[in-house]
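Visitor: I am new here and would like to know what the labels rest on. Could you show me around?

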Amino acid sequence: MSYLALARKYRPRRFEDVMGQGHVVKALSHALDHDRLHPAILLTGTRGVGKTTLARIIAKGLNCETGVTGQPCGICGSCKEVDQGRFVDLLEIDAASNTGVDDVRQVIENAQYAPARGRYKVYLIDEVHMLSKSAFNALLKTLEEPPKHVKFILATTDPQKLLPTVLSRCLQFNLKRLPQSLIREQIAKVLTEEGQGFEAGALIELARAADGSMRDALSLTDQAIAFAGGGTLQRDPVEVMLGTTGRRSLFELLAAIATDNREALLTGIRRLEEQAPDYAALLNELAAQLQRIAVLQLLPKAQTEDDDPALIELKDRFSPEDVQLHYQIVVLGRRDLAWAPEPRLGFEMSLLRMLAFKPEAPLPDGSGPRRETAPAAAAASTRPAAASAAAPPSRAPVASAAAAPVPVRPRVSVPAVAEPLADAAPAPAPEALPLAEDAAWGERVAALSVDVLTRQLALNCAWTDFDGSALRLTLDARTKHLLTEERRLVLQKALSAQFGRDILLAVDLGIGTLDTPAAQVLAQGDARKKAAELAIEQDPAVRAFREQFGAALRPGSIRPI
């Protein structure tokens, strides 16, 4: 006798044998028990989740010799013929092979005739989305008002391709992908029935490779039994058969990244290359592992027996921020894999990015932000000084704005703790460099050692009056939001240090255009821009282009260097 594949041998024969589709089974069995089954049923779902199986059980329930029932006996002639695939009133049609309107017209014509053997004539149209638009239109009327002795069961893996007019005439049931735990239990049951020995790790690999399909799981189990040659199903041979040996290597690569072990990372990549893996599949698997690590970090109770021990160990070696960054790198690497010179190079670059862009460790007490690297910290510490030195000079009543810039002492770098500005106490201003009494206001602002917002307040003020002990400034009304009592006190203290004596500072709001250092910077920028535009317009080459080719300068495109 010829060998019967496990997927066919262990196909469910009753509703209670169907696994993982309780929401569909309950509705269909109740409808059959009360003889209220809709004339057109649409079963949707991925491959191998039970669409055809449910259709055959429905056909048995409609034509069982005990009557219409949700519990077909399975021993009468009609039930046995359906199980054997030779029931004359169950017509299974492959829409992928019969896509035309002529095929559908033949179905419609035959539907008018009474069933030859059973109580109902059942049409099972598999992959119904493959029908042409004209074929669908020809079937609409029959779907809406079929003969009393006809039931249509449509099955598809892609319901989005069905016309809305077809969906509106059918009772739709969506079949779910099966969880790995359920698939693993069924494989164990089947192997026990077959007297085949197995390891738990082998079942985990088979269930994962099935990707939610019971039929695929049983087909892979058939292949694993043949691969084992009569011996026990073991994890390592099953991984070799499935081509998933690289998954265990990914754990080693992640461990190398977690410990910043660059030699181990490159060694693992070379060892992985010897297995000739599918690098796109490896990146997908790597992203899935990182996603699972993120879940286990946030929800430790979500851990299941399907989680690999190596994966569980890795969750404590990455910070949540690292996992999020690495996941994004892997996903982008998967997207760009087609543009890499070789798939191996694209995969390797994704891992090297994970290593190169690894953030620094948090502060020792765990309360502060991540430390900046030395170059970044140095740049951050010199940024305020550079900004101060770059502040343009302004014109005061006693001096010209063209005064030479004054060197500024670098500020002391402090940890960048994020706190609201309103709550932060003003830092004491360090001793400023001595300036002449007649120094320009812009020169004085450039030499101040104050925070950024206080400096902006000073830059938007114009020198109004100074009697030796009291200084009065006028603030541009458009920037009045910069003026607070805390900033006025900080600016007063810094100016007192410059003058070498206590100064009383008063700031008034001005109306109209003020001669502030900020306004002078804008004026200088406008002047440079106009000069650049004039130089371009007078350029002989530009003039020749305009005269010979009718070229025109685009407004706003000229910017001074």
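Guide: Gladly! Let us begin with a word: buried means under 20% relative accessible area, exposed over 50% and partly exposed in between, using a 1.4 Å probe and protein chains only. This is a predicted model, where local features need pLDDT of at least 70, side-chain atom pairs count only at pLDDT 80 or more, and totals for chains, interfaces and linings use all residues. Residues are numbered from 1 along each chain as its sequence is written, and side-chain values use heavy atoms, with hydrogens and water left out.

Visitor: Why is Trp463 called buried?

Guide: Its relative accessible area is 16%, and the limit is under 20%, so Trp463 counts as buried. Trp441 is buried too.

Visitor: What makes the pair of Trp441 and Trp463 edge-to-face?

Guide: Rings of Phe, Tyr and Trp (its six-membered ring) pair if their centres lie within 6.5 Å; planes under 30 degrees apart are stacked, over 60 edge-to-face and the rest tilted. Here the centres are 5.9 Å apart and the planes stand at 65°, so the pair of Trp441 and Trp463 is edge-to-face.

Visitor: Why is the pair of Trp463 and Phe466 edge-to-face as well?

Guide: Its planes are at 75° and its centres 5.9 Å apart, so the edge-to-face label applies. Ring pairs link Trp441, Trp463, Phe466 and Phe499 into a cluster.

Visitor: How do you know that Arg444 lies over the face of Phe499?

Guide: The rule asks for NZ of Lys or CZ of Arg within 6 Å of the ring centre and within 35 degrees of the ring normal. Arg444 meets it, at 4.0 Å from the ring centre of Phe499.
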